[in-house]
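Me: Could you walk me through how to read this model, feature by feature?
Reply: Gladly; let's look at it together.

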Amino acid sequence: MNTAPADAGWRFRVPSVIPGFGLTLGFSLAYLTLIILIPLSGLVWRSAALGWTDFWAIAMDRRTVKALEISFGTAIIAAAVNVVFGTIVAWVLVRYRFPGRRIIDAMVDLPFALPTAVAGIALTSLYAPRGWIGSLLEPLGIKVAYSPLGIVVALIFIGLPFVVRTVQPIIEEIDKEVEEAAATLGASRFQTITRVLFPGLAPAIVTGFALAFARGVGEYGSVIFIAGNLPYVSEIAPLLIVIRLEEYDYAAATAIATIMLALSFVMLLVINLIQAWSRKRYG
Amino acid sequence: MDVRVANVRKEFDRFPALHDVSLDIRSGELIALLGPSGSGKTTLLRLIAGLETPTRGAIYFGDEDASHRTIQERNVGFVFQHYALFRHMTVADNIGFGLKVRPGATRPPKVEIRKRARELLDLVQLSGLEDRYPAQLSGGQRQRVALARAMAIEPKVLLLDEPFGALDAQVRRELRRWLRDIHDATGHTTVFVTHDQEEALELADRVVVMSQGRIEQVGTADEVYDTPNSPFVYGFIGDSSSVPVKIEAGQVWIDERPIGLSVPAASNGDATLYFRPHDVELLDGCSGCIAGTVVASRRVAGTRRVELEFGGHQQRVEIELPVEHPAAQKSRVAFRPRRWKIFPQEA
């Protein structure tokens with residue numbers, strides 16, 4: 001039954017005899033339509049009313065472009081930083097037993113729960129030029145708060161749990177014997193990590209990156225406190241949308257939102273394709 | 001390479017897994033560590049590999065004390081029960097891994113590694129599969145790849161931890177014969193762990209029977225089967241029946257009656273008689289034998305297993321009869337073990 005020739009094209013795979021396929025698929029589609037698809041298409045609809053020339057003018061506006069650059073750039077940098085440190089945190093939590101491990105494990109989820117504005121204010125007071133950390137960094141000429149660097153710091157805080165929570169279960173699953181096998185074959189610890197363990201974790205790390213990145217792009221609450229919100233320097237796209245809304249310029253707001261939507265969708269799609277490819281290879 | 005395990009003790013959290021174990025493994029030998037789970041056989045294997053460090057004692061590779069060498073330096077080939085293949089690497093990359101991670105000076109060129117991987121795949125009869133991923137192979141094929149990977153580094157010793165444990169019976173039997181062939185062709189000193197006595201007896205030059213962290217007996221298949229040196233080995237290897245007896249005046253007694261077996265050297269007292277259920281002599285009359293009523297009779301493959309109840313304490317014992325034997329129809333059977341052993345009762 002499953003041996004249909006490859007050129008048969010798209011078709012439903014015959015579901016198993018266990019019932020539920022129709023019901024669950026129908027529910028999923030209805031749910032996705034109500035919650036995600038209709039609001040998003042409303043967004044596209046509104047910005048389409050703008051007409052192509054006006055849309056293009058808003059999209060190519062230097063302030064818009066700069067804001068998008070800052071939003072996506074900082075989100076990518078923060079996600080990349082989180083991938084490194086989040087993986088290390090996950091590794092430590094899984095592999096080692098030490099006093100306070102459970103507490104640290106629980107703490108990782110705090111950025112999920114904390115109102116983002118609270119996080120933003122806390123980080124700002126720490127990293128402001130007079131703050132605890134900011135005052136140490138200032139003599140070195142590093143300005144964190146009220147600069148794009150501040151945005152990155154806020155996004156690292158927000159995105160950390162995504163990486164830790166996606167990578168952690170995969171590290172738990174690592175077969176100890178695989179590491180032992182590498183060691184008996186003469187691989188050093190470093191070689192074992194880079195050549196054996198890391199490739200196994202890569203799909204989970206990519207997922208963690210995607211989640212942290214997506215969260216970072218849309219983040220608003222924490223960033224506006226620490227960023228300083230200087231147009232062209234540290235103004236993020238979500239803030240620009242809010243500014244346009246406050247100016248009753250709904251068309252411009254939806255246009256920027258649509259561009260963000262499209263960019264995010266393309267990036268997440270690419271990440272998903274990379275994952276599908278790696279899963280196919282490693283089974 | 002000779003391997004010598006000298007008075008090794010291993011504790012895990014103060015709980016001893018091995019008590020003072022010593023073992024000499026001769027170069028080129030195929031040796032089996034056989035025992036029930038928890039007997040310490042895998043611990044012993046891992047100690048030889050360097051995956052564990054002994055609490056006391058030492059392990060020598062040839063004349064060199066290897067116990068404080070790292071795993072990487074020991075150059076052993078280790079095959080795991082669940083293969084432990086690197087699933088993101090092709091079969092060829094898996095096999096070549098040990099060569100690829102060598103430091104620059106001793107690392108063969110890429111072409112050479114690839115060639116070696118192909119040769120090993122031929123040896124383990126998987127030619128043509130070098131570009132597959134482990135997920136695309138069957139269990140038996142994966143274990144062959146794991147063996148090829150272990151042999152690629154030209155190990156001093158090949159260590160296999162329940163290599164066929166995760167495979168089904170058919171594949172198991174096939175791989176067993178194949179492992180023997182590979183061993184004969186390559187001549188690696190090989191140690192494998194198993195809890196399957198059939199596997200150990202059929203495959204190994206010598207069998208090391210272990211129980212509760214101790215070596216009970218070391219010998220060829222014939223030695224451990226025909227002359228077990230402890231009640232444990234008697235019970236663990238092959239089928240056995242046991243009967244509590246009394247020794248008096250060089251005779252074996254059951255319920256105040258001699259059963260026609262003499263033990264001139266044994267001291268008087270309680271003891272246990274061990275014999276193989278199939279190795280018995282059936283008797284008609286009974287002056288000096290074990291006689292009992294048949295309480296159960298079961299057909300097992302080519303023989304019939306008969307359970308007898310005898311004596312005042314209603315003890316039971318099992319013997320094996322040929323299927324066609326008339327005695328199986330009777331309600332009373334008398335027999336005497338042909339080959340047997342007496343172990344004094346432990347205090």
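**Helix packing in chain A**

Reply: Let's start with a pair of helices: helix α3 (residues 62-95) of chain A packs against helix α8 (residues 148-173) of chain A at an angle of about 40°, their axes being 5 Å apart. Before going on, note that this is a predicted model, in which local features need pLDDT of at least 70 and side-chain atom pairs count only at pLDDT 80 or more, while totals for chains, interfaces and linings use all residues. Residues are numbered from 1 along each chain as its sequence is written, and chains are lettered from A and ligands numbered from 1 in the order in which they are written.

Me: How are the helices and the axes defined, and what does the angle of α3(A) and α8(A) make them to each other?
Reply: Helices (H or I, at least four residues) and strands (E, at least two) are DSSP runs, numbered from the N terminus. Axes are lines fitted to C-alpha atoms, for helices over the stretch in contact, and angles run from 0 to 180 degrees between N-to-C directions. Angles under 35 degrees count as roughly parallel, over 145 as roughly antiparallel, 65 to 115 as roughly perpendicular and the rest as oblique. α3(A) and α8(A) are therefore oblique to each other.

Me: Which hand does the crossing of α3(A) and α8(A) have, and what is their contact made of by class?
Reply: A crossing is left-handed if the near helix is turned anticlockwise from the far one by less than a right angle, and right-handed if clockwise. Here α3(A) and α8(A) cross in a right-handed way. Their contact has 22 nonpolar, 6 polar and 1 charged residues, where Ala, Val, Leu, Ile, Met, Phe, Trp, Tyr, Cys and Pro count as nonpolar, Asp, Glu, Lys and Arg as charged, and the others, Gly among them, as polar.

Me: What about helix α6 (residues 116-127) of chain A and α8(A)?
Reply: Their axes come within 10 Å and cross at roughly 130°. That makes α6(A) oblique to α8(A), and the crossing is right-handed.

Me: How many helices and strands does chain A have?
Reply: Chain A has 13 helices and 0 strands. Its C-alpha atoms fill a box of roughly 60 × 55 × 30 Å along the principal axes.

Me: How should I read the UniProt features on chain A?
Reply: UniProt positions are given in the numbering used here, feature names are shortened, and annotations may be inferred rather than shown by experiment. An unreviewed UniProt entry places "domain: ABC transmembrane type-1" at residues 68-271 of chain A. That stretch is 78% helix and 0% strand, with end C-alpha atoms 19 Å apart. The unreviewed entry also annotates "transmembrane region" at several spans of chain A, including 21-45 and 70-94. Residues 21-45 of chain A are 100% helix, with end C-alpha atoms 32 Å apart; residues 70-94 of chain A are also 100% helix, and there the ends lie 35 Å apart.

Me: Which domains does chain B have?
Reply: Domain bounds come from an automatic or database domain assignment. For chain B it gives domain 1 (3-235) and domain 2 (239-344), with 41 Å between their centres, taken over C-alpha atoms. From UniProt, an unreviewed entry places "domain: ABC transporter" at residues 3-237 of chain B; this stretch is 37% helix and 26% strand.

Me: How many residues of helix α1 (residues 41-49) of chain B are buried?
Reply: The count is 9 of the 9, so α1(B) is largely enclosed by the rest of the structure. Among them are B:Lys41, B:Arg46 and B:Ile48. Just after α1(B), B:Gly50 takes a positive phi of about 95°.

Methods
A residue is buried if 20 or more other C-beta atoms lie within 10 Å of its own, exposed if 12 or fewer, and partly exposed in between; C-beta atoms are placed from the backbone.
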